[in-house]
Amino acid sequence: CMTLSIIVLTCGNLPVTVDCVESLYRYATVRHPVFDWELIAVDNGSRDGTSSYWQSLERHRSNLRLILNDDNRGFAGGVNLGLRMAHGEFVALVNNDVIVTPGWNTALVHALTSYRGLGIACATTNLCGNEAQIPTQYRGHDEMVEFAAARAVEYRGQLLPLRMAGFYCAAFRRSLWQEVGDLDERFYPGYYEDDDYCVRVRAAGYSCAAVLDCFVHHQHKGTFRTLKNGGAIVAENRARFAQKYGVDLSGSTPGDYRYIDSIVEKERMR
């Protein structure tokens, strides 16, 4: 029986987390004969009742496993803890400001098992930083589910190759993590850790792609959106990324990931 370990990282923002978790249990609880799942919640020192919410939920959900940190370990640090706890053959990282739709998990796993060499598979969404963002035509939850269902039929089994896959809703084999290693925790508290991981995955010979028959709604109300110094954090981690790979990013614009190709080629030659 194949198992998917779903890792959700939180640091405050309880109402958004509740929306995410309710969608996970609503749309991922249907058992498939060869497919099961677990939820690993990692809380980075929330002070708004989020940890109590997770503890209460843990008492009623046998497939929920919980890590409560006293402080903010950052996105990479929190995810790494979840990865070490994961039992699944496959792992999905789901931001707490994402609302999933029916079949999202099986679509991602199906892509990973169907396409040789696919390392990271991400969902399409209404809001992200690259080509995985698609035009949407829905208002409210029910129309969103109908929209996702129509895409699932129209784009069954199709992929869109990506230079990098955003980690708002992305899946990969746990064996890939065992090969490539942890997310780089120097990108604290967040931003550019997914760029970095995709570089390393592609340098190892794998590809990244958006799964076109998988759609999730991204609220963009995550923890980083609430930070007053968010712009400075992005700039600092962008500089760390540039320093790590010895590149000049001053001429690149947000959403333009062509520079990643040259970094990957250089890393492959090392």
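**Burial and salt bridges, term by term**

Me: Where does Asn69 lie?
Reply: Asn69 sits in strand S3, residues 64–69. Strands (E, at least two residues) and helices (H or I, at least four) are DSSP runs, numbered from the N terminus. This is a predicted model, where local features need pLDDT of at least 70, side-chain atom pairs count only at pLDDT 80 or more, and totals for chains, interfaces and linings use all residues. Residues are numbered from 1 along each chain as its sequence is written, and side-chain values use heavy atoms, without hydrogens and water.

Me: Why is Asn69 called buried?
Reply: Its relative accessible area is 12%. Buried means under 20%, exposed over 50%, partly exposed in between (1.4 Å probe, protein chains only). So Asn69 is buried.

Me: What makes S8 largely enclosed?
Reply: Four of the five residues of strand S8 (169–173) are buried, so the rest of the structure largely encloses it. S8 pairs antiparallel with S4 (residues 90–94) over five bridges; pairing takes at least two DSSP bridges.

Me: What makes Glu89 and Arg173 a salt bridge?
Reply: Their closest N and O atoms are 3.0 Å apart. The rule asks for a Lys or Arg side-chain nitrogen within 4 Å of an Asp or Glu carboxyl oxygen. Therefore Glu89–Arg173 qualifies. Glu89 is partly exposed at 37%, and Arg173 is partly exposed at 28%.

Me: How do you know that Asp196 is buried?
Reply: Asp196 has a relative accessible area of 0%, so it is buried. Its side chain meets Lys244 in a salt bridge, 2.7 Å from N to O. The two residues are 48 apart, Asp196 in helix H7 and Lys244 in helix H8.
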